[in-house]
Amino acid sequence: MSTTLQPVSVEELAAAVRSAPRVIATGAGTKPRLSAVSADIVRVSTAKLAGITEYEPSEFTFTALAGTPVREIRAALGERGQYLPFDPVLADAGSTLGGTVAAGINGPGRWRYGGLRDFILGVRFVDGYGRLLRLGGKVVKNAAGFDVPKLLVGSAGRLGALAEITFKVFPRPSAWRTLRLPAADEAAKARLLAELGRGRWELDAVESVVGEPIVFTRLGAPEAAIDALAKEITERFGGAILGEDEAAAWWRDAAEFRWTHLGGAWAKFPLTPSDGPAFAAWVAAQPGARARIGAAGNVGYVSWPGAAAPAECPWRGVLLRGNGPLWPGPRRDSAVAGAVKAALDPAGRFPGLED
Amino acid sequence: MTRPKPNPALRRLAAVVPAGRILDGPAQLAAYESDALTAFQTRPLAIVVPETQEEVVAVVRFCHAEGLPFVARGSGTSLSGGSLPVAGGIVIALNRLNRIRRIDLDQRIAVVEPGVINSAVTAAVQAHGLHYAPDPSSQPICTIGGNVAFNAGGAHCLKYGMTSNHVLGLKAVLATGEVVEFGGASREQAGPDWTGLFVGNEGLFGVALEITLQLLPRAECFHTVLAGYATLEQAGDAVAAIVASGLLPGAIEIMEKLALEAATAAVHAEYPPGCEAVLIVELEGPREVVAADRARLDALLAASGPVEVRPARDAAERMAIWKGRKSAFSAVGRLSPDFIVQDGVVPRRRLGEALRLINGWSREMGVRCANVFHAGDGNLHPLILYDGREPGALQRAEELAGRILRMCVEMGGSITGEHGVGVEKRDYLPDMFAAEEIACLKRIRAAFDPKGIANPGKMFPEKGAPALAHAGLHPLEKAGVISRE
C-alpha cells in the first residue's frame with residue numbers, strides 16, 4: 001500500500017514533493033491509468049488543495065487550486081453567465097481541474113473555440129527540484145517566457161505537480177439546440193463531419209457513436225438566431241432537433257463518458273476526419289469495444305469491456321483507464337523530450353514520460 | 001577595393017550548402033543589421049539563404065558542430081529585436097522556404113514552410129471559404145516562421161487566440177541538429193503539448209521547417225462599428241459595458257487622439273471630429289447571430305455617450321476602418337522621426353488607470369506617446385515618440401517604456417502580449433518572473449540548445465547591452481511596405 005499525502009497549501013504541496021524520492025500528484029482518480037504507477041511511489045493528493053482563488057468575470061479569467069472540482073468551477077462561472085468552452089469532462093464524477101489539465105482531454109464543446117490547451121493561461125507548479133514556480137500569466141494575453149503551461153497539458157504529472165491554474169473563459173451562449181443527423185455508414189459520416197466543419201453555422205460540438213448511423217451536433221447562439229440555424233441544418237442534412245431533456249442527457253452521457261464499460265480500459269486517440277472509417281473498422285473488429293468520435297472527427301475514444309487495453313493500436317493515444325502502456329500506439333521518440341524531462345525533473349522524482 | 005579574407009568558419013560553411021547561398025558583401029550584411037526594432041543594429045558574419053529544408057538542417061548541424069551562433073529570420077518584422085543578428089554569428093534567412101506544401105480542405109489545415117507570408121495562407125484558401133485567423137498588422141509581409149517563433153497576435157486574439165492556438169503541429173530542426181515532429185494534423189493530441197511549448201520560443205530552440213496550421217471557415221458576416229468619444233474614459237467604459245454584456249466580439253480596439261491624427265495624415269482615415277478616442281468593435285459570425293448581437297451592441301454603444309457612431313455599411317468601409325487602425329503605427333512615423341512600440345498587458349478593468357498613468361508620465365517627462373491598443377484583451381500599444389538626434393531623447397523614451405512595463409507587471413499583467421521579449425524587453429523578464437522561474441526557463445532552453453547558439457541574447461537578461469543606435473524608420477517602413485502593430 002503506497003503512502004498518500006494531502007497537502008493543504010501550495011507550500012505544503014512543494015514540501016510533499018520534496019519529501020520523497022518518487023512522487024506523483026493525484027486528483028479524484030477519474031482517469032486512473034495516469035497515476036497507476038509502481039506501488040513504492042508516494043501519492044500526493046490534491047483533495048485538500050481546492051478552491052477558486054481569483055475570479056474576475058470582467059477579465060474573462062479565473063484562477064483555482066489544482067484540486068478544485070470542475071463542477072464547482074462550472075457552477076461559479078455559470079452564475080456569471082460564463083463557461084469553459086472546452087467542456088471539461090467527468091465533472092459530475094468529481095474530476096479536478098489539475099487532473100483535467102494533466103490528462104489533456106476535452107469535452108464535446110472543444111470543437112468550437114479549441115481545447116483546454118487554448119484556454120490555459122498560467123500555472124503554478126512544483127518541479128522535480130521541489131520548487132514552486134509560476135509560469136505563463138494571469139491575463140488573457142501574454143507572450144513572456146516559454147509556454148510551459150501548454151507543455152503541462154497532457155503531461156500526466158510526469159513533468160511536475162500542478163498547484164494552481166489560470167484559465168481564460170468566455171461568455172456562455174444564451175441558447176442551445178441539439179440536432180441528430182443521419183449518416184448511412186462510416187464513410188458517409190466522415191463526409192458529413194467534414195461538411196459540418198466547413199459550414200457557416202459555427203457549431204459548438206460534433207460527435208458520433210461508432211457503428212451508429214447518426215451524428216449529433218450542438219449549436220450555441222443567441223435565442224433570436226438559433227432556430228433559423230438549426231432549421232437550415234436539418235433541411236440540408238435531414239434529421240431532427242432533440243427535445244431539451246433528451247439533448248441534455250445525451251451531452252451529459254458524452255462529457256461524463258457514461259457510455260464506457262464500467263471498469264474496462266478506456267483510451268483517447270487523436271484522429272483526423274479521414275481516419276474515421278478505418279478507426280470504426282478497427283473498433284468493430286474488437287469484441288465488445290465501444291467508441292465515439294468527437295470534435296468532428298478529430299478524436300476517438302474507445303472503451304473495452306475488459307481491463308486490458310489491446311497490445312497493438314494503430315494510432316498513438318493515451319490510456320486513461322485500464323492496464324497497458326500509458327501511450328498506446330506507435331512511439332514517437334525524441335531526444336529532446338528526455339532532455340526537457342531532465343531539465344524539469346533531473347532526479348526522476350516524477351514517473352518517467354513512458355511509465 | 002579588396003575584400004577581407006573570408007572567415008574560416010564561412011569557408012567551411014560554404015562546403016555544406018550549394019554555391020550562392022551565402023551572402024557576405026558589406027551591402028548584403030547591412031540589409032540584415034536590424035529588424036523592425038531599428039534602435040538595435042548588429043552586423044552578422046554572413047547571411048545564409050537556404051532553399052530547402054535539408055539545407056536548413058545542414059546549416060544548423062554545421063552551427064552545432066562549430067558552436068557558431070545563428071539567428072533564423074523571416075521578413076525581419078520583429079518589434080522586440082527578435083531577429084537582431086548576433087555579432088560573429090550567421091543569419092539564416094528563410095524567405096526562400098516559402099512553399100505551401102499541402103492544403104486539406106476536409107481537415108481544414110495548411111502545411112507550410114516557415115518563409116510563407118502570413119496573408120498568403122489565407123489567399124491560398126479563401127476561394128474555399130476558409131482563412132488563417134491570426135492577423136498581426138504586418139501580415140502582408142511577416143512570415144509564418146516568425147509568427148511561430150514569437151507567437152504573434154493581432155487584432156482578433158480575444159476570440160481566436162494567438163498563433164499558438166492555430167498551430168496543430170510542426171517539424172523543426174533543433175539547435176542540437178535533431179529533427180523533431182511535434183503534434184500533427186489533428187486538433188487533438190496525446191501527451192505533453194510539445195507543439196505548444198515550441199510556439200513562442202523566440203528562436204531559442206531551433207528552426208521550424210514545416211508548420212501545420214488550422215484554418216477556420218471565414219465568418220459569413222461582419223458588423224464593424226467605429227464610435228468616437230470625447231474622452232478616453234468613455235471609450236474605456238464602453239468596452240467594459242460590452243464585455244459585461246456577454247457579447248464576444250471578434251475585435252475591440254481603441255485609438256487615441258495622436259494615433260488618429262497620424263492615421264488621418266497617412267492613409268486619409270476619417271474620424272468623427274472632436275474625439276479624444278475612437279473605439280472599433282467588430283462582430284462576426286453567421287448572419288442571424290450577427291443580427292441578434294448587433295441589436296445589443298448598438299444599444300450599448302448608444303448608451304455609452306459617443307460623439308458619433310459609424311457602422312461600416314459595406315466591405316469597403318470595413319476595410320477602411322481596419323486600414324486606419326493597422327496603419328496607425330507606421331503612420332506615427334510621420335509625427336516623429338523615431339519611436340518605440342510597447343506591448344504590455346494590463347487586466348482589462350485597469351485599462352483606464354493605466355492610460356492615465358502613461359499620459360501623466362508622458363507629460364511629466366516631455367515625451368509624446370500615442371496610444372493604440374487591443375482593448376478587448378488589455379494589450380496596450382503605447383508608441384513612444386522621440387528624436388534620436390536630440391541628446392538624451394532615446395534614454396528618456398526608454399525610461400518611459402520601462403515605467404510602462406513595470407506598471408503592467410505591478411497591475412498583474414505582462415511585459416508582452418504578442419511581440420515577445422526579444423532583445424528589447426529582456427532586462428524586464430526578472431520583473432515578471434522570479435530567479436528560480438527564469439532558471440527553469442533557461443534549463444528548458446538548454447535542453448533544446450545546450451550550446452546556446454540559437455538566437456542568443458534574446459529573452460534572457462544578459463550582461464552588456466547590444467549595440468544601440470538611434471535610427472529612423474526601417475527602409476521598408478518608409479516605403480510603406482511594412483507597418484508596426
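## A short tour of the predicted model

Start by selecting A:Thr26, which sits in strand S2 (residues 23–26) of chain A; strands here are DSSP E runs of at least two residues and helices H or I runs of at least four, numbered from the N terminus. A:Thr26 is buried, at a relative accessible area of 13% (buried means under 20%, exposed over 50%, partly exposed in between, with a 1.4 Å probe and protein chains only). Now show its contacts (heavy atoms within 4.5 Å): beyond neighbours within four places in sequence, A:Thr26 touches A:Ser35, A:Arg43, A:Val44, A:Ser45 and A:Thr46.

A note before moving on: this is a predicted model, in which local features need pLDDT of at least 70 and side-chain atom pairs pLDDT 80 or more, while totals for chains, interfaces and linings use all residues. Residues are numbered from 1 along each chain as its sequence is written, chains are lettered from A in the order written, and side-chain values use heavy atoms, without hydrogens or water.

Next, select helix H10 (residues 335–344) of chain A and helix H16 (residues 435–448) of chain B, whose axes come within 8 Å and cross at roughly 155°. That makes the pair roughly antiparallel (over 145 degrees). Show A:Val336, A:Ala339, A:Val340, A:Ala343 and A:Leu344, which meet B:Cys440, B:Arg443, B:Ile444, B:Ala447 and B:Phe448.

Last stop: cysteines. There are zero disulfides over all chains, counting cysteine sulfur pairs within 2.5 Å. Select B:Cys275: the nearest cysteine sulfur, that of B:Cys369, is 20 Å away. B:Cys275 is buried, at 6% relative accessibility.

Key. Axes are lines fitted to C-alpha atoms, for helices over the stretch in contact, and angles run from 0 to 180 degrees between N-to-C directions. Angles under 35 degrees count as roughly parallel, over 145 as roughly antiparallel, 65 to 115 as roughly perpendicular and the rest as oblique.
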